[in-house]
Amino acid sequence: MYKIVDKKQLNEAVELMVIKAPYVARKCEPGQFIILRADNNSERIPLTIADYNREEETVTIIYQVVGYSTKVLYEKQVGDSVVDFVGPLGKPTELKKHKKVLGIGGGVGAAPLYPQIRKLHEMGVEVDVILGGRSDEYIILEEEFKAVTKNLYFATNDGSKGKEGFVTDILNELIANGEEYDEVIAIGPLVMMKAVVGITKPLNIQTAVSLNPVMIDGTGMCGGCRVTVGNEIKFACVDGPDFDGLLVDFDECLRRQNMYKEEEHSCRIGLEGGQNNA
Amino acid sequence: MPNMSPKKVQIPEQDPQIRRKNFDEVALGYTLEQAMEEATRCLQCKTKPCVDGCPVNVPIPEFIKAVEDGNIDEAYSIITKENALPAICGRVCPQESQCEGRCVRAKKGESVGIGRLERFVADYIMSKGNIEPKNIEKNGIKVAVVGAGPAGLTCAGELAKKGYEVTVFEALHELGGVLLYGIPEFRLPKSLVAKEVQSIIDMGVEINKNVIVGRSITVDELFEEGYKAIFVGSGAGLPKFMNLEGENLNGVYSANEFLTRVNLMKAYDFPNNPTPVKTGKRVAVVGGGNVAMDAARTAVRLGAEEVYIVYRRGEEELPARLEEIHHAKEEGVIFKLLNNPTKIIGDEKGWVTGMECVQMELGEPDDSGRRRPRVKENSEFILPVETVVIAIGQSPNPLIRQTTPGLSVESWGGIIVQEETMETSKEYVYAGGDAVTGAATVILAMGAGKTAAEAIHKKVLELQG
Ligand SMILES: Cc1cc2nc3c(=O)[nH]c(=O)nc-3n(C[C@H](O)[C@H](O)[C@H](O)COP(=O)(O)OP(=O)(O)OC[C@H]3O[C@@H](n4cnc5c(N)ncnc54)[C@H](O)[C@@H]3O)c2cc1C
Ligand SMILES: Cc1cc2nc3c(=O)[nH]c(=O)nc-3n(C[C@H](O)[C@H](O)[C@H](O)COP(=O)(O)OP(=O)(O)OC[C@H]3O[C@@H](n4cnc5c(N)ncnc54)[C@H](O)[C@@H]3O)c2cc1C
Ligand code: SF4
Ligand code: FES
């Protein structure tokens, strides 16, 4: 059992949890994820490691309540436990010592983006970040990002914070203004990452994305998380989750991610919250 | 005078029409009377050819004699001296090519039903619930075991019997390896796996679930934590695909994913359980081994109307256990032998609508001794299906070899060991089971676990001087 030592609601549908998990906390690096089961009747759900504390042996996750299992998790209180918590899974992000990097985080995608940006900042890389969300409320980790970025931009669908529109609108503007980035790191819903690559690919700007296909074991055993990258089949849980965005077959990813749409719907017992949103 | 009936005492089974709709066990097992009667068919051969066929050398005639005498406790203790998982082996071992294959009685009529008797003894004792955990004196020496499949559990049990402080590290949230997430409930009830696993834990083995060796902790770090030897029983969990066009369409599964969803995550009970599985009306399973049979029979139970086994060789060459092939046929699985898929076809939304296949014919034997299949010209046809399950084998997961410097592996990923000891190229690191051989059998994995336990014991004693 893995004890929940802290929890904080970031907005209506997004919550941060700090969980005691010695094995994971001792070893994890930015870009890696865990799989947890909230209770004995829950699915195995993958969540990115948003932060960790090696001394306290804790791991921070930030998750959006979208369906059955995240709802069960959400109902847990400090002092309760989750039954399973395994990791760290996936490959750590390979952060290069570029001069200038642009991070793009959509919705809860800001959570996995943060440790990478922080690390880049520590490495002396100049970083700008665009955060996107449905509205002001859905922007998370603003203060944290502020501390490690040169320029922090916002885009919201309703214009309640920053620009009204999408993160890609800001990206286009930055490029039009002559900003040059050695790499873009985009993490968010698949549609957002696809749209970002739609802009960066013609300009041949290196773009890293973090894929989140449906997973079960997370150890390379089931093959359910397979994605096509540069015409090769990769298992996102062991070969990723970070990939070269310019090579990813996003349409296939989108299609495969929706494989269980109907079933998940039938499982979403009276739940508000909906899909990740950028 | 032994019972000279040419046939085994029949084992009661669920009617095929009924069992097609449930996940309950197919074979119901002998009663005490039936078991005692079957036991009288054994000739008690002095040469014990059956034992030679058993990878862990269960004293077969001796335990059968005890059954004949109605002394089931005695039979149990004879078996479990050599085999810690008799209820499992009695159900899933390929007896026809092992003990029963060598049985003298098989020369005229059917062999003695050794597997059925083994299963009976285990079930009988477990139903009485009187397996006493033995009090074992600990020697304070720590050994780590990676993986809670049959190889790892056997090695752990054997070492615990000798007094070692054994810790098993398992990646998943449940114990049993393939016994749990691969082999379906209707062939191997999970409650039974849990009981046999518990009997090993009761010997004083510590279990550490949710730990992935190579990610959560490395082999070298285990040594730093004071483990004197490490046994790697991580299995062959990496599914093979065929690199066919259309293999990533929605509706194409690896057998591992399909079976894991159903067995480990109980998708057959969706939506009472939150993990779903999709099975179309028509399902094609590619492959001809136990894994393929399990996937096909699972699809039948999930409600598919037509289920095909698509296999590129003939009936003779099917690698699955005979009993499972027979059961699959009874349940209505359609065997498309000498057929090979060439392409998976989908609709505009990316869902499978069919599988293009070609017919095959058998040529000369290849290196494996099996006749090599070759394509018949102009024999393409489309099998209309909504689900495709690829069950053509697994190779060892690369995680441990990638994170353990000094560990030699074969080009296909199998860990290289010295056969007599199961020691790898890295001193004090042992390996066995599917991680070494590639996908094989439960009993071979157990045999390897036992051999390694013996060797570890010897080596660690040497270390102690
Ligand atoms: C490597 C990785 C990292 C992730 N990191 C985060 C994170 O930091 N924060 C966060 O909020 N979400 C993250 N996700 C997504 C998160 O796993 C899903 O939102 C969660 O599994 C939904 O579970 P549910 O039962 O509540 O919802 P469901 O109703 O089951 O599903 C809702 C949506 O989640 C997707 N989904 C369902 N099950 C899985 C699964 N096992 N794996 C992946 N996607 C699934 C579905 O396609 C669907 O779109 C990550 C996913 C992956 C693969
Ligand atoms: C569907 C199916 C049907 C089968 N039917 C039969 C049959 O009828 N008869 C028969 O004899 N054999 C059958 N087999 C084969 C048999 O199950 C295997 O040969 C046997 O289970 C191998 O045992 P193992 O202990 O080597 O590995 P596994 O059973 O694969 O166990 C390995 C364990 O190690 C864990 N693990 C892996 N990597 C790590 C890591 N890095 N850290 C921690 N833990 C890890 C895994 O999660 C797993 O629990 C079947 C296999 C399948 C898939
Ligand atoms: S070979 Fe057959 S008959 Fe002979 S001892 Fe073994 S089980 Fe009995
Ligand atoms: S989640 Fe099963 S192989 Fe990646």
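The legends below describe close-up views of a predicted model, covering its chain and domain interfaces and its ligand sites. Residues are numbered from 1 along each chain as its sequence is written, and chains are lettered from A and ligands numbered from 1 in the order in which they are written. Local features need pLDDT of at least 70, side-chain atom pairs count only at pLDDT 80 or more, and totals for chains, interfaces and linings use all residues, while side-chain values use heavy atoms, with hydrogens and water left out.

**View 1. The interface between chain B and chain A.**
Here 44 residues of chain B are in contact with 43 residues of chain A (contact means heavy atoms within 4.5 Å). The two chains bury about 3,700 Å² between them, with 55% of it on carbon and sulfur atoms; buried area is the accessible area (1.4 Å probe) that two parts lose on being put together, summed over both. One salt bridge is counted between chain B and chain A, a salt bridge being a side-chain nitrogen of Lys or Arg within 4 Å of a carboxyl oxygen of Asp or Glu. A:K27 forms a salt bridge with B:E221, and their closest N and O atoms are 2.4 Å apart. On the side of chain B that touches chain A, the elements giving two or more residues are β5 (238-239), β6 (252-254) and α13 (255-263) of chain B. The largest share, four residues, comes from α13(B). Helices (H or I, at least four residues) and strands (E, at least two) are DSSP runs, numbered from the N terminus. By class, this side of chain B has 19 nonpolar, 16 polar and nine charged residues (Ala, Val, Leu, Ile, Met, Phe, Trp, Tyr, Cys and Pro count as nonpolar, Asp, Glu, Lys and Arg as charged, and the others, Gly among them, as polar).

**View 2. Domain 1 against domain 2 in chain A.**
Chain A is assigned domain 1 (2-89) and domain 2 (100-258); domain bounds come from an automatic or database domain assignment. The centres of these domains of chain A, taken over C-alpha atoms, are separated by 21 Å. In chain A, 20 residues of domain 1 are in contact with 21 residues of domain 2. The area buried between them is about 1,700 Å², and carbon and sulfur atoms give 60% of it. In domain 1 of chain A, the residues that lose the most area to domain 2 are A:N11, A:P30 and A:F33, together 24% of what that side buries. Two salt bridges are counted between the domains. A:R118 forms a salt bridge with A:D51, the closest N and O atoms being 3.3 Å apart. Five residue pairs across the interface of domain 1 and domain 2 of chain A are in polar contact, both residues at pLDDT 80 or more. β4(A) gives the most to the side of domain 1 of chain A that touches domain 2, with five residues.

**View 3. Domain 1 against domain 2 in chain B.**
The assignment for chain B gives domain 1 (16-128), domain 2 (142-237 + 396-463) and domain 3 (239-393). In chain B, 24 residues of domain 1 are in contact with 23 residues of domain 2, and the area buried between these domains is about 2,000 Å², of which carbon and sulfur atoms give 72%. One salt bridge is found across this interface. The side chains of B:K450 and B:E82 meet in a salt bridge, at 2.8 Å from N to O.

**View 4. The surroundings of ligand 1.**
Ligand 1 is surrounded by 24 residues, the closest being A:P46, A:T48, A:I62, A:Q64 and A:T70; a residue is near a molecule if one of its heavy atoms lies within 4 Å of it. A backbone N or O atom of A:P46 lies 2.6 Å from an oxygen atom of ligand 1, and for A:Q64 the distance is 2.8 Å.

The residues around ligand 3 are B:C42, B:L43, B:C45, B:P49, B:C50, B:P61, B:C103, B:V104, B:V112 and B:I114. This shell divides into ten nonpolar, no polar and no charged residues.

Terms used. Polar contact = N/O pair within 3.5 Å; in protein donor to acceptor, adjacent residues only side chain to side chain.
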